[in-house]
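Trainee: I would like a close look at one part of this protein, with the rest brought in as context.

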Amino acid sequence: TPTPTPAPSTPKPPSYHHMPMRLRKLPVQYSKPFALCESPNARGAYLVSYPHDQVVVEMVAPHTAAMLSRRTPHYRVVLLFTDMSAPAGLTPCSATDFLLTDFGTHSVMRVDVRDGRVLWAHGSRGRGEQEYDQPMNILMLPPRAGEGSSKVAAVADFGNHRVKLICANTGCVLGIMAITQNIRYISCLTIVDHYRLLALARWDDIVLEIGVVGSVGGGVSGQIEKKTAAQQENEGAGMPSAHQNVLIAPAPSPAP
């Protein structure tokens, strides 16, 4: 008697583990939030920028029960502008301060989160080394070997189609990544690893992979890898991707 062939087993559908979601409502009197980051002021709190309302607020996370019930958490106004400001990107830079970009006045500033005091502010509209055109995202780079804390921040200079490296302590420009080949409107930045950035070119739908060698001192050199959706598919098929070498020139030293 022939042995019956067993029926092929039906693969089980993958199981999904849903993480508990914490809901945090934002203040109803403000609209169109732009960016958020962890607040250096308190654990569990975070900062939110509202360009339309010209305000930066600190949201204090409520208890889990309040999150699940969608109750509005406690918040306080950290910085309220009265001019043509439009606060946008922000990132913590110390235990008490954060960096903020303002695409309304084309500037970057450092703010004390405790009292909203502006420690320094630099920039005006233009294409010069100390000028910006609608700066968007900003983030702190990881500290180099031997450094206790990071002192360098990267700024997406949106309208000038470039990325700037600035000193977080003074706001002085340390280097400029002048991106060529008509790659326009750098809007978002994120860290991949030590001094390696991903930058989003909003107009051209391109992700730039920027590998930076060194930061402060005699210049910064790096490599940019342009990645479109098609190129990412080609990489998966084993096809090479395009690279663009760049030189990031250091800002000149101020005259004695």
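Trainee: Does C167 count as buried or exposed, and at what relative accessibility? Please go from there to the parts around that cysteine.

Mentor: C167 counts as buried because its relative accessibility is 15%, where buried means under 20% relative accessible area, exposed means over 50%, and partly exposed is in between, with a 1.4 Å probe and protein chains only. Before going on, note that this is a predicted model, in which local features need pLDDT of at least 70, side-chain atom pairs count only at pLDDT 80 or more, and totals for chains, interfaces and linings use all residues. Residues are numbered from 1 along each chain as its sequence is written, and side-chain values use heavy atoms, with hydrogens and water left out.

The structure holds zero disulfides, a disulfide being a pair of cysteine sulfur atoms within 2.5 Å. C167 is in no disulfide, and the nearest cysteine sulfur, 6.6 Å away, is that of C172. C172 is likewise in no disulfide, with the sulfur of C167 as its nearest cysteine sulfur at 6.6 Å. C172 has 40% relative accessibility, so it counts as partly exposed.

Next, the nonpolar cores. A nonpolar core is a set of buried Ala, Val, Leu, Ile, Met, Phe, Trp, Tyr and Cys residues joined through side-chain atoms within 4.5 Å. The largest one has 19 residues, of which A154, V163, I186, L189 and L197 touch the most other members. Two or more residues of this core come from each of strand 10 (152–157), strand 11 (162–167), strand 12 (173–178), strand 13 (186–193), strand 14 (196–201) and strand 15 (206–213). Strands here are DSSP runs of E with at least two residues, helices are runs of H or I with at least four, and both are numbered from the N terminus. In soluble globular proteins, nonpolar side chains tend to be buried together.

Rings of Phe, Tyr and Trp (its six-membered ring) pair if their centres lie within 6.5 Å; planes under 30 degrees apart count as stacked, over 60 as edge-to-face and the rest as tilted. By this rule there are four aromatic pairs. In one of them, Y30 and Y75 are edge-to-face, at 6.3 Å centre to centre with 80° between the planes. That pair links distant parts of the chain, 45 residues apart: Y30 is in the segment before strand 1 (35–38), and Y75 is in strand 4 (residues 74–80). Y75 counts as partly exposed because its relative accessibility is 30%. F158 is in the loop between strand 10 and strand 11, while Y185 is in the loop between strand 12 and strand 13, 27 residues apart. F158 is buried, with a relative accessible area of 11%, whereas Y185 counts as partly exposed at 27% relative accessibility. Elsewhere, Y30, Y50 and Y75 form one aromatic cluster.

Q54 has a phi near 55°, a positive value in a residue other than glycine, and is placed in the loop between strand 2 (45–50) and strand 3. Q134 also has a positive phi, of about 55°, although it is not a glycine. Its place is in the loop between strand 8 (118–122) and strand 9 (135–140), and Q134 is partly exposed, with a relative accessible area of 24%.

For the whole protein, the secondary structure comes to two helices and 17 strands. Of its 256 residues, 43% count as buried. Contact means heavy atoms within 4.5 Å; of the contacts with a separation of 6 or more, 43% are accounted for by residues 24 or more positions apart.

Finally, confidence. pLDDT is the predictor's confidence in each residue, from 0 to 100. The protein averages a pLDDT of 74, and 61% of the residues score at least 70. Over residues 63–70 pLDDT stays under 50, and the model has 10 contacts beyond four places in sequence for them. Over residues 213–256 pLDDT also stays under 50, with 83 contacts beyond four places in sequence.
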